[in-house]
Amino acid sequence: MNKAEDYAIELRRIVKRFPGVIANNGIDLKIRRGEIHCLLGENGAGKTTLMRILYGLYQPDQGEILVNNQKINISSPRIALQHHIGMVHQHFKLVPTLSVEENIILGLDEGTGPFTNFRKVRKRISLIANQYGLSLDPRTKIWQLAGGKQQQVEILKALYREVEILIMDEPTSVLTPQEVEKLFTTLRFLVKNGLTIIFITHKLDEVMKVSDRVTVLRKGKVIATIPTQETDKETLARLMVGREVIFCLKKNPVKKKEKILEVKDLHVLNDRGLPAVCGLSFELYGGEILGIAGVSGNGQNELAEVLTGLRKLIKGEIYLDGQDITHCSTREINKLKVAHIPAERIRVGIVPTLSVSENLILNKYFYSPFSRGEFLNYKAIKENAQAMISEYQILTPHYQIPVRILSGGNIQKIILARELSCDPRMIIAMHPTYGLDIGATEQVRQTLLSQREKGAGILLISEDLEEIISLADRIMVMFGGKTMGILEGENIDLERIGLMMAGTKYRGEKM
Amino acid sequence: MISAKKWRFKIEERSSVSNSRVLLTSILAILAALIIVGIFFQFYGVSAFKAYRLIFSGSLGSRFGLAEIVRRAIPLLLCGVGLTLAFRALFWNIGAEGQLLIGAVAATGIALFSKLPPFLLLPAMFLGGFIGGALWGIVPAFLKVILGINEVIATLMMNYMAIYLVEWLIHGPWKGPSARGFAYSDPFPPSAMLPTITGTRIHWPTLIIGLVISVLIYILIVHTKSGLEVRVMGENPEAARYAGINPLKVTLLVMLISGGLAGLAGVGEIAGIHQRLLGPTHISMGYGYTAVIVAWLARRNPLAVIFTSLFFALLITGGDVIKVSLGFPSQMINVFNGAILFFLIGSEFFLRYRISFIGRR
Amino acid sequence: MGWENWIISTFSRSLAYGTPLLLGTLGEIYSERSGVLNLGVEGMMIMGAYSAFTTTYMTKNPWFGILVAGIIGGIFSLIHAFTSITLKANQTVSGLSLTMLGLGLSGVLGKGWEGKPLPSTIPKMIITPLNSLPVLGPIFFQGQNLIVYFTLILVPILWYILFRTRIGITIRAVGESPATADSQGINVARVRYVCVFIGGILAGTAGGYLSVAYRPAWTEGMTAGMGWIVIALTIFSFWNPINGMLGAFLFAALYHLSFRLQSYISPELLKAMPYAMAIIVLIFVSRGNLQKRVGAPAALSLPYMRGED
């Protein structure tokens, strides 16, 4: 079989530089026709960059691309699509205000002149959907669809374009475990029908489950390409990180102490004025981590915003240490030692153009010694910055450098340093390790655990089930703005969480 | 396959920009704008060299010209400094023109009708002018923060409303009996007139107020809590909300000061130059609009406004010279304004990104 | 004057005054739907007014004047397109400088043209059988001109293109999510250039209508803030041409009704009315629980650069 091997894609010596980093450093990659090929690597290993080159979104600085054994220059997505290469991005490339069918024909030369025969389009959509076991109403607007359905639109979009090579970038991050299973079934079905799939991920379980072969990337280089059957999780993990990885964190048992947070019958609206949190009640104790799991968009964001005073509630009560904070402002809640690690750290957590030292006091510049009266005390601000930089090992050339030039991991460390340096009573952490490399992830998790030891109550909101299961003492699952129940101890079980994420209520022992 | 030969450029974001590069880029942008306007002169049938020679010699070449530059710079300085603060908070105040006029109206009201003792009259006019401009300025601030109404439209509409308010006053209730059919108010009493440097129209008290305020605003922005809040809100409104900064408070503060300073500029013009309320285009020939560019060219730094306001005052003064000697209309200053602003914001691309040529393929 | 005549005259005048507002609004809707905020409408309109007047004066052909006004408006808009799309400059400031430049250039170039009489203007039309219809006849078919009809026909056409054709899908996608459009092989910059250009042509035509049809004359700054009212109407319309039409004519009707107050309010204060009304219109829009920005294109006024997501 060696000589006659049939490659759909061949990448040769691909190099891509960005200011300050080499994202791809001489990458060779061969994808066989009809296989599911996983690209495994940590965040920042260069997986997505490589695939964006293949899809024509980036131009490589060096190297060549062969599709069906023919050297081609993919200068834009349009060219990629002409060669039947499609990509489903991690953040879906769908226009929320357009309908499914409008999204599907976007960018196509369908119909005569500017006119589109939507009846014909719909017919073809339903034909393809039936063929691959997908079900969608072409006239629904995208924003009305849940994450899993939106992904189906993306796949349908690719199939409508007669894609033969499909790149999927971290496709499971918005799905429940059950939806993941369904996706894997669909993918196997696609391969059976002659498609080739490149599957980008950093999750080892998925690699083992779905792929035929796997290529491990690290720091912009290919470490190995192996048939999946000939390897195991531990080997892959070592290859990916470059050293032995400890899979579990050391955690002392909870000493359940006083009640820190009490939420009673909370009702909150989202930006569109629709109910996002509907009658939620729970308690959080000192020295515990309460994980909140759920598919994104089930009220977690709104919950975090209400608890930090960023959003008004329409009904309900919130008590912090027995004190009513239901109608307190963000500043008032902040002064009660509530730390908030926001989901979108660059958009919300920092001011990119301000200096490291100024970003480190955003939640306490109004206290002495950082300000005296109306005036800022730059000496104290500088000393605070120097202390924080060494304590949290923030890698920055100088404390006066604008934050925007730092890496994601260091930005997260700045936020942690700022939020946790006041000995918080309660910490609300959203996706605290999202997009960080393994080193930074470990540091963030250790920091959270040490705050737990100190007796803080921690609300950990995350879509990464692995993270929640390894850190949390109790897990609450949210669906449709309600709680589906709280799991504890040996009740914590991945499949059970999955069912709850899909809307099944947990009522004690059996589901 | 024959590969198409194509020039290829690489565009990368710069991580930091040095001050000297900012200065150099700004100067090049202004030069480019002046060249474009020069070509326009040529098309208009006037030698560009002659026009520029007149602009510069007419303004810089005589004591009178220099004094005119300074007196033109006073309203630009006051309005421009206020705008740097508003722009820092990302509030696009295009309404300095109207705020200036309302300041002038308030000062006129106090000068003509207040019956205050003479030594209190000028301070009261300045205070009243500040309050008038500030009130005119905080209306769009409320509209933006509470109702989400675009401040560019709101401030502009309020400019037009201020213009017609002045028109109404000088044609109607405040029309002076001694104005003999002209649309003027009565002249101010002597105690409501600002002193000037002899032989010039430089009303020096306003100038000193302007200089002191530009230093104060600089200190406010860099060294105070409120200044930090303004910067955080302007650079990342989401982070400001997250840090518990009240957007209404910051926006009101900023527009109170920005509008108030424009109001002071109006007091200066009315009490220092005209000494009566007259047609809005005579009180201000678009100082409020020119100040937008003054503040932008200063890169929102209130100290730099001292220099940029002088530069635009030079253009206005030179514009007066070619108006008289070459018959150019007064709208010429808007041509300069538009061209310079375009080149300035266009040049920012070259500050933000590094463009390198990477050959042909 | 009977009340019937009164209604007829108000409506017929609103149609005439609302037409340039509507033309400008239609153009701005297209520009903003593609994600480009163009605050230079006032500048493009005044350049259109100036060039239509001078062209008509020299060629004695008002239609040629209107054509040139559209072209000049379009060319003028490309300056804004270049700085805001290619150079990714701040769109607020860029649009503002376009307005300054337009007011300045037209003021300087038009100095010698003020007060000159036009040899010919766009004729008012009487459409014979239809003008005898009761009420509608005198409003729509007597004393209006071809540009009014052209604008009215444009409304459904532009609505259809925007919401029912592939071109419209492309424009809306570019304004909502340029990264998505880009990933589907759509040239974001090209779509935006075209939309800004359309906006410029329509704004220029609106200006031409003012100087050779509405009140045939040239005076410096004769657009008097109409461009800014267009921006307000665009928001009022929720970026929909049909609503834009309703808004423009509603505004024009209110404007004419305000002149009924002439005997109570001095003329100077009446002149301030449209500007106050523009603000009130915006307050009205935001009050109707609609400030959730349902219609605003998500990428409005944000420059697009590939790979920034």
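Predicted model: local features only at pLDDT ≥ 70, side-chain atom pairs only at ≥ 80, totals over all residues.
Which residue of strand 8 of chain A is the bridge partner of Asp169(A)? The partner is Ile200(A).

**Strand 8 of chain A**

- The burial applies to both faces of the strand. Thr196(A), Ile198(A) and Ile200(A) lie on one side, while Ile197(A), Phe199(A) and Thr201(A) lie on the other.
- Strand 3 of chain A (residues 36-40) runs parallel to strand 8 of chain A and is joined to it by 5 bridges. Within strand 8 of chain A, Ile197(A) is the residue opposite Ile36(A).
- Strand 7 of chain A (residues 165-169) also pairs with strand 8 of chain A, in the parallel sense and over 5 bridges. The pair Asp169(A) and Ile200(A) involves a residue of strand 8 of chain A.
- A right-handed β-α-β unit is made by strand 7, helix 6 (residues 177-192) and strand 8, all of chain A.

**The largest nonpolar core**

- In soluble globular proteins, nonpolar side chains tend to be buried together.
- Here the largest nonpolar core holds 362 residues. The members that touch the most others are Leu460(A), Cys79(B), Met157(B) and Ala232(C).
- Helix 6 of chain B (residues 151-171) contributes the largest share of this core, with 15 residues.
- Ala232(C) has contacts in two chains once its neighbours within four places in sequence are set aside: Ile153(B) in chain B, and Ala278(C), Val281(C) and Leu282(C) in chain C.

**Domains of chain B**

- Chain B divides into domain 1, made of 17-46 + 328-356, and domain 2, made of 67-326.
- Taken over C-alpha atoms, the centres of domain 1 and domain 2 of chain B are 25 Å apart.
- Where the two touch, domain 1 of chain B provides 13 residues and domain 2 of chain B provides 14 residues.
- On the domain 1 side of this contact in chain B, helix 1 (19-43) and helix 14 (332-352) each supply at least two residues. Helix 14 of chain B gives the largest share of that side, 8 residues.
- By residue type, the side of domain 1 of chain B that touches domain 2 of chain B has 9 nonpolar residues, 4 polar residues and no charged ones.

Notes
Residues numbered from 1 in each chain as written. Chains lettered and ligands numbered in written order. Domains from an automatic or database assignment. Contact = placed C-beta atoms within 7 Å. Helix = DSSP H or I, 4+ residues; strand = E, 2+ residues; numbered from the N terminus. Nonpolar A, V, L, I, M, F, W, Y, C, P; charged D, E, K, R; others polar. Core = buried A, V, L, I, M, F, W, Y, C linked by C-beta atoms within 7 Å. Buried ≥ 20, exposed ≤ 12 C-beta atoms within 10 Å, placed from the backbone. Pairing = 2+ DSSP bridges. Right-handed = clockwise from strand over helix to strand, strands pointing away.
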